[in-house]
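Hello,

Here is the structure I promised to hand over. Please open it first, and then read my notes below.

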Amino acid sequence: MVGPPRSVPGPKVTVEVEGRRLKLSSLEKVMYPATGTTKAQVIDYYARIAPVLLPHLADRPVTRIRYPHGVGDMQFFEKNVPPGTPEWIRRAGRDPVFPFIDDLAALTFFANLNSLELHVPQWRFEGDGRDAVPLNPDRLVIDLDPGPGTGLREVAGVAVIVRDRLAGIGLETVPVTSGSKGVQLYAGLPGGAHTSDEIRDTVQQLAQELTKKYPDRIVWKMAKELRPGKIFLDWSQNVAAKTTICPYSLRGREAPTVAAPRTWSEVEAGSDGEELRQLRFEEVLERVERDGDLAAGVAGPTP
């Protein structure tokens, strides 16, 4: 299969990031051919977004999706710490051994490996190394996935329904346009009193309840043949083994879109027919400079 043209590797550049010396390579490589976005621009985005991104990554094991030659070519999930990872990057677990991304230096290291997407679970580790212990979830997430024949307008309408239902049990939600097709709804869980299985079961029951109440709009089962014209409420993202795209992570789509926290007024307007779309990294940087982190409440407790 013929893919997009691959950039010829350029010289390595040594930089110092927060006291750590890193070698960056192929900065001119085009990572998003449709927009001409280069690896240098990707690294720059992650450096500029780091103040709001890092709290969402803190103490969470990070699974990366790497795109060695940019989007539109091969890609692969990576859970383990790759060969050549500096010793100063914290890690946890035994098999796999996950990395933590604690600071700008670690973030830059993984961005240089073409790790466009950063995925995390809804729980954190306590401690590090082989003896690190996973804690109970500090938030839940519901992924609203539009089926064939639906789009973000329909997703926005269902998001409001789910928000109101969760508010009824005392949970305040934050909407995040995923950078792909749909929207994720996050709610903080103070105290970490419940296991992943308990949270999964609760969210599954909620999805079943809403499917029964809105059968023409919502589906809770994963079967693809049930999804046309409906929004799938993916409750399974709360399973301990699952991960979700981290807020502010880039996506490996045609354009450099981002998992972007939104306001409820934007989502409500989207459900009424105003344009609601996935945001590109330049727009997200502008929004954060103006509004700060709209999802700060679900980043989890400060480490």
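Which residues form one aromatic cluster? Tyr45, Tyr46 and Phe281 do. Before going further, please note that this is a predicted model, in which local features need pLDDT of at least 70 and side-chain atom pairs count only at pLDDT 80 or more, while totals for chains, interfaces and linings use all residues. Residues are numbered from 1 along each chain as its sequence is written, and side-chain values use heavy atoms, with hydrogens and water left out.

Back to the rings. The structure holds five aromatic pairs (rings of Phe, Tyr and Trp, the last by its six-membered ring, with centres within 6.5 Å; planes under 30 degrees apart are stacked, over 60 edge-to-face, the rest tilted). One of them joins tyrosine 45 to phenylalanine 281, edge-to-face, at 5.8 Å centre to centre and 75° between the planes. This pair links distant parts of the chain, 236 residues apart: tyrosine 45 belongs to helix α1 (residues 39-57) and phenylalanine 281 to helix α6 (residues 281-291). Helices here are DSSP runs of H or I with at least four residues, strands are runs of E with at least two, and both are numbered from the N terminus. Tyrosine 45 and phenylalanine 281 are both buried (under 20% relative accessible area, with exposed over 50% and partly exposed in between, using a 1.4 Å probe and protein chains only).

Next, the sheet. Six strands make an open sheet with mixed pairing, in the order β15-β16-β12-β14-β13-β19; two strands pair if DSSP finds at least two bridges between them. β15 and β19 (260-261) stand at the edges with a single partner strand each, so one side of each has no neighbour in the sheet.

Strand β16 (residues 231-234) pairs with β12 (residues 139-146) in the antiparallel sense over four bridges, and with β15 (residues 218-219) in the parallel sense over two. Isoleucine 231 of β16 is the bridge partner of proline 146 and also of isoleucine 218. Both faces of β16 are covered, with Ile231 and Leu233 buried on one side and Phe232 and Asp234 buried on the other.

The charged end of arginine 163 sits over the ring of tryptophan 264, 4.8 Å from its centre (CZ of Arg or NZ of Lys within 6 Å of the ring centre and within 35 degrees of the ring normal).

Best wishes
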